[in-house]
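Here are my notes for your read-through. Please keep the model open while you go through the points.

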Amino acid sequence: MQALTPHVYWAQRHGEIYLRVEISDAQNLNIGVEENILHFRGQGHGAKGENEYEFSLEFLKLVKPEVKHKSTQRQVNITVKKQEHVWWDRLTKQERKPLFLAPDFDRWLDESDAEMELREKEEKINKVSIESRVRKDPYLGLKKGFLFMYNLVQFLGYSWIFVNMTVRLFILGQDSFYDTFHTIADVMYFCQMLAIMEVLNPAVGLVKTGVIPAFIQVMGRNFILFVIFGSLEDMQNKPVVFFVFYLWSTIEIFRYPFYMLACIDTEWKLLTWLRYTIWMPLYPLGVLAEAVAVIQSIPIFDETKLLSIPLPKAIGISLSFSYILQLYLVLMFLGLFINFRHLYKQRRRRFRTKKRKAN
Ligand SMILES: CCCCCCCCCCCCC[C@@H](O)CC(=O)SCCNC(=O)CCNC(=O)[C@H](O)C(C)(C)COP(=O)(O)OP(=O)(O)OC[C@H]1O[C@@H](n2cnc3c(N)ncnc32)[C@H](O)[C@@H]1OP(=O)(O)O
């Protein structure tokens, strides 16, 4: 009986090659790698009926000689380990793809997706080890209780701000723009002072997230609130205060309840979606509103010389604070870039993990 060539499908990961040989009820399998060439021989039911099937493949790069294979009623699955964890441009040494070989679209991933899969596996392993460590943490209840209370207070504060501003907007229309600061500032001061906890929490390991994005976020807002609005009375009755406060509070009325639920291991899908989605329009708009506030404050700082830095008497002038503000404008866009990227990654991580769990 002359041996035929079966259909073979392949896919790869950074460390492995997967081959699927389309032969059902395979028997007398002889599969091995010699001199980096995979030899397959076996009997079974393939594309041309019951027969003897064989093929050989010389791999593009070095593989380990041991081969794992599993024969099922429908196919033979072969796994070959690569010598090095690298992505291959193709499977075979010869440039022309053999006619019997095709991509296995059931397992196919491109390089970046495979990297993502690898990272998720690592994250899962880390998560399991963290969770087992956390389970042993005798203060876990206390920590969660503290975070829950922190998030609750912030939620109440920002809800008060949001509802108050919305009601005033409906009642007073555009007139409400001009005294936002005087109505809202005390509660906003309180919430934003308290928000310093958001830098401290990851710094002491209470929440598992980056300190830098939180630092950029909290310090950036506090700079606008305390320095631009707080120290300049002329800024306080400008409409830009309304837009800045409204944009800040809109995200927070979703973010803090999302965290509260996380503290009690609960999730509402719509809330999760909102927390990880509405920052997309809000963040650039927020930065834009903050930039407008900074630009509007520059002539006021120049005029009042407030916060200007005195230079040696011989020079006789002082360095206006507006130079710092111009530098801050550049930093703002850098901050926007860093945090936008961070939030985008958090979103991807969150929804990819959920999707996979659902599958
Ligand atoms: C003077 C020096 C200044 C230097 C800075 C100069 C540059 C300034 C640029 C500033 C630009 C700022 C512009 C900004 O003010 C504009 C606006 O805010 S506009 C409104 C829209 N804004 C937003 O949407 C941002 C909202 N803020 C955030 O999302 C966070 O602050 C941020 C740090 C950006 C991201 O949050 P985080 O990293 O924590 O991500 P996650 O929410 O995904 O959380 C990760 C995991 O940690 C758990 N977690 C986090 N916090 C808590 C908590 N309080 N309680 C319980 N659990 C918490 C969370 O559940 C996640 O866990 P898991 O992964 O298991 O789900």
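1. Start with Tyr259. The model is predicted. Tyr259 has a relative accessibility of 24%, so this residue counts as partly exposed; the buried class needs a value under 20%.

2. Compare Tyr256. Its relative accessible area is 1%, so Tyr256 is buried. Tyr256 and Tyr259 both belong to helix H7, residues 239-263. They are three residues apart there, about one turn of the helix.

3. How many aromatic pairs does a search of the whole structure find? The search gives 25. One of them joins Tyr256 and Tyr259: the ring centres are 6.2 Å apart. The planes stand at 75°, so this pair is edge-to-face; the class requires an angle over 60 degrees.

4. The charged end of Arg255 sits over the Tyr256 ring, 4.8 Å from the ring centre. Look at Tyr18 as well. There the charged end of Arg107 sits over the ring, with 3.8 Å to the centre.

5. Back to helix H7, for Phe258. Both Phe258 and Tyr276 are buried. Their rings make an edge-to-face aromatic pair, 5.4 Å from centre to centre and with 85° between the planes. Which parts of the chain does the pair link? Phe258 is in helix H7, while Tyr276 is in the loop between helix H8 (269-275) and helix H9 (279-304). The two residues are 18 apart, and the pair links distant parts of the chain.

6. Ring pairs connect Tyr150, Tyr158, Tyr256, Phe258, Tyr259, Tyr276 and Phe351.

7. Strands of a sheet pair through backbone hydrogen bonds, either parallel or antiparallel. Here five strands form an open sheet with mixed pairing, in the order S6-S7-S2-S1-S8. Which strands are at the edges? They are S6 (63-71) and S8 (101-103), and each pairs on one side only. Neighbouring strands of the sheet are turned against each other by 25° on average, direction ignored.

8. Strand S1, residues 8-12, pairs with S8 in the parallel sense, over three bridges. For a place to look, take Trp10: its bridge partner in S8 is Pro103.

Key. Residues numbered from 1 in each chain as written. Predicted model: local features only at pLDDT ≥ 70, side-chain atom pairs only at ≥ 80, totals over all residues. Heavy atoms only, no water. Pairing = 2+ DSSP bridges. Helix = DSSP H or I, 4+ residues; strand = E, 2+ residues; numbered from the N terminus. Axes fitted to C-alpha atoms, helices over the stretch in contact; angles between N-to-C directions. Phe/Tyr/Trp six-rings, centres within 6.5 Å; stacked < 30°, edge-to-face > 60°. Buried < 20%, exposed > 50% of the residue type's maximum accessible area, 1.4 Å probe, protein only. Lys NZ or Arg CZ within 6 Å of the ring centre and 35° of its normal.
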